[in-house]
Amino acid sequence: MVQHRGRRQFLGLAVAAAGLTACGSAATPEPQRAESAPPAPGPSPVRAENDRPGDTDWKVTAPGPQDAIEGFTDRVSVLPGEPLGLHVSTTAPGFTVSAYRMGWYGGARARLVWKSDRLPGAARPGPTVAAVTRTVRAGWPKSTTIDTTGWPEGSYLLRLDAVGAPGQRYTPVTVRSKEAAGRTVLVNAVATWQAYNEWGGHSLYNGPTGGYATRSMEVSFDRPYRYDDGAGLFLVYEAPLIALAERLGLPLGYTTGVDLAREPELLRGARAVVSLGHDEYWSDEQRRHVTAARDAGTNLAVLGANCCYRRVRYEPSELGPDRTVVCWKSDYRDDPGFRAGRPATTDFRAGPGADPESGLLGVSYDGYPVDAPYVVSNPGHWLLAGTGAKEGDSFPHLVGVEYDLVPTDRPAAFPTEIVSRSPVVCEGRRSRAESAYGTVPSGAGVFATGTMRWVEALDANGPGGTRADHGMDHRAGTFTRQVTENLLRAFATGPAGRQHPVGS
């Protein structure tokens with residue numbers, strides 16, 4: 001599951017310790033908004049942006065010791081031109097900040113948009129840990145304020161480079177879109193990044209003992225990300241899809257789950273909204289707003305598994321609003337917010353207030369862990385056009401490490417077609433992973449891959465068999481890239497059910 005501890009191992013550690021529903025586990029709809037024809041998109045600034053030369057030297061190549069340099073921003077996203085506070089601790093006497101916008105750029109995958117002058121460095125004290133919630137915060141003073149004027153919308157990695165000593169780390173931030181009309185909106189799953197973040201010794205899964213009993217009940221954005229040299233889960237589960245979407249030159253929008261929760265009208269007029277590879281933690285507000293958009297004709301693509309599984313709420317920190325992700329899970333009765341009348345921060349499918357994720361997505365999370373071939377069951381489906389896939393064709397290791405299926409123990413949320421049905425064995429229990437496409441009355445299409453490895457597979461180009469790619473080979477990469485291109489192009493034209501109704 002992992003290239004190194006900073007990438008894929010996080011999920012195995014977290015689940016084994018606590019919590020994620022292992023194999024064997026088992027909606028109230030929003031009022032529909034009046035439908036209006038989606039506006040025609042103008043010229044795509046994404047294509048013009050990606051015509052600019054990229055910068056291949058964006059990667060961290062010399063991370064140095066763990067405390068060499070680390071940082072975090074005071075907001076998960078900003079609009080272009082808004083100030084961004086950066087908090088840095090380094091053992092070096094100075095550091096620089098390079099802002100890389102992540103995209104396609106002819107395969108370079110990034111462009112250097114801005115670089116700071118040398119800034120003074122200082123080593124900051126260790127984290128604080130709240131007594132009851134075990135919330136970890138860095139509590140460092142602000143090192144600098146960055147002016148984002150002129151920065152194009154998109155997903156960014158700020159690379160911190162120590163000066164005078166070894167050390168490099170990333171700090172992610174989104175320069176979000178103010179409006180989404182006519183666009184396909186890509187959503188950075190920042191709450192899920194934070195849920196798994198073990199910086200300071202605690203995540204929503206583990207504490208210093210590696211066990212559930214010492215986990216955090218609330219986690220804060222006021223700290224660096226431990227994984228992937230500070231990039232969190234972005235590079236594994238999101239960057240490959242962003243590169244593909246930008247290569248296609250589609251009109252794109254960029255946002256985070258926090259912004260979707262805060263702004264009810266953010267998705268108004270959007271052609272599609274895309275949940276990326278691992279998007280487990282949603283607030284009630286985010287779910288309501290995405291459901292309303294779907295029911296007004298916005299297509300929904302889920303390019304992962306275990307999506308919209310945990311219910312969270314956001315609370316402020318000293319740095320501002322929505323800086324704390326609250327999820328007490330099985331201990332929700334002890335949550336002061338629940339006692340005050342707020343919804344239980346536990347699984348969406350669990351009581352009180354059960355609202356299974358299948359009501360929005362058409363699929364349900366079924367278990368962990370699996371590693372299985374992806375098996376085509378409907379080769380004539382429009383999503384598979386150009387793949388050359390035949391019934392029964394399989395792609396080794398593409399199903400994992402978590403998977404979804406179309407549930408049969410409750411009425412279907414909307415008409416659905418199975419695109420793939422992949423047999424899996426999860427801790428001795430036989431089941432199936434399914435990719436599914438459905439449509440809702442507004443005409444919106446809903447597609448879910450049924451596997452968490454889909455976005456990772458977009459970068460599979462070699463012979464496979466390595467730990468870094470879970471053994472997925474170039475066939476899996478070619479297949480997923482073609483299906484994803486078919487999906488994104490169709491979803492970018494408006495409600496997909498009008499051109500591709502279920503059963504046609």
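**Close-up 1. R118 in the loop between β5 and β6.** In this predicted model, where local features need pLDDT of at least 70, side-chain atom pairs count only at pLDDT 80 or more, and totals for chains, interfaces and linings use all residues, R118 lies in the loop between β5 (110–115) and β6 (119–120). Residues are numbered from 1 along each chain as its sequence is written, and side-chain values use heavy atoms, with hydrogens and water left out. Helices (H or I, at least four residues) and strands (E, at least two) are DSSP runs, numbered from the N terminus. R118 is partly exposed, with a relative accessible area of 48%; buried means under 20%, exposed over 50%, and partly exposed in between (1.4 Å probe, protein chains only). R118 and G94 are 24 residues apart along the chain, and their C-alpha atoms are separated by 6.3 Å. Contact means heavy atoms within 4.5 Å. With neighbours within four places in sequence left aside, R118 is in contact with P93, G94, F95, T96 and V163.

**Close-up 2. E238 and helix α5.** E238 is found in the loop between α4 (234–237) and α5 (239–247). E238 counts as buried because its relative accessibility is 1%. The side chain of E238 makes a polar contact with the side chain of W193, at 3.0 Å. A polar contact is a pair of N or O atoms within 3.5 Å; within protein, one must be able to donate a hydrogen and the other to accept it, and residues adjacent in sequence count only if both atoms are side-chain atoms. Contacts of E238 beyond four places in sequence include V187, N188, L233, L276 and V455. In α5, 8 of the 9 residues are buried, so this helix is largely enclosed by the rest of the structure. Among the buried residues are P240, L241, I242 and E246. Just after α5, G249 takes a positive phi of about 75 degrees.

**Close-up 3. The nonpolar cores and F479.** A nonpolar core is a set of buried Ala, Val, Leu, Ile, Met, Phe, Trp, Tyr and Cys residues joined through side-chain atoms within 4.5 Å. The largest one here has 88 residues, and L235, L241, Y281, L303, L383, F479 and F491 have the most contacts inside it. Helix α11 (residues 474–491) gives the most to this core, with 7 residues. Not counting residues up to four places away in sequence, F479 touches Y374, V376, L384, T387, A389, F395, L398 and W454. A second, separate core of 27 residues includes L267, A270, C307 and V363.

**Close-up 4. Aromatic rings.** Rings of Phe, Tyr and Trp (its six-membered ring) pair if their centres lie within 6.5 Å; planes under 30 degrees apart count as stacked, over 60 as edge-to-face and the rest as tilted. The whole structure holds 17 aromatic pairs. W58 and Y170 form a tilted pair, 6.4 Å centre to centre with 35 degrees between the planes. This pair links distant parts of the chain, with W58 in the loop between α2 (45–50) and β1 (69–73) and Y170 in strand β11 (residues 168–175), 112 residues apart. W58 is buried at 8% relative accessible area, and Y170 is buried at 4%. Y374, F395, F447, W454 and F479 form one aromatic cluster.

**Close-up 5. Charges over rings.** A charge sits over a ring if NZ of Lys or CZ of Arg is within 6 Å of the ring centre and within 35 degrees of the ring normal. The charged end of R287 sits over the ring of F348, 5.1 Å from its centre. K329 lies over the face of Y205, at 3.6 Å from the ring centre.
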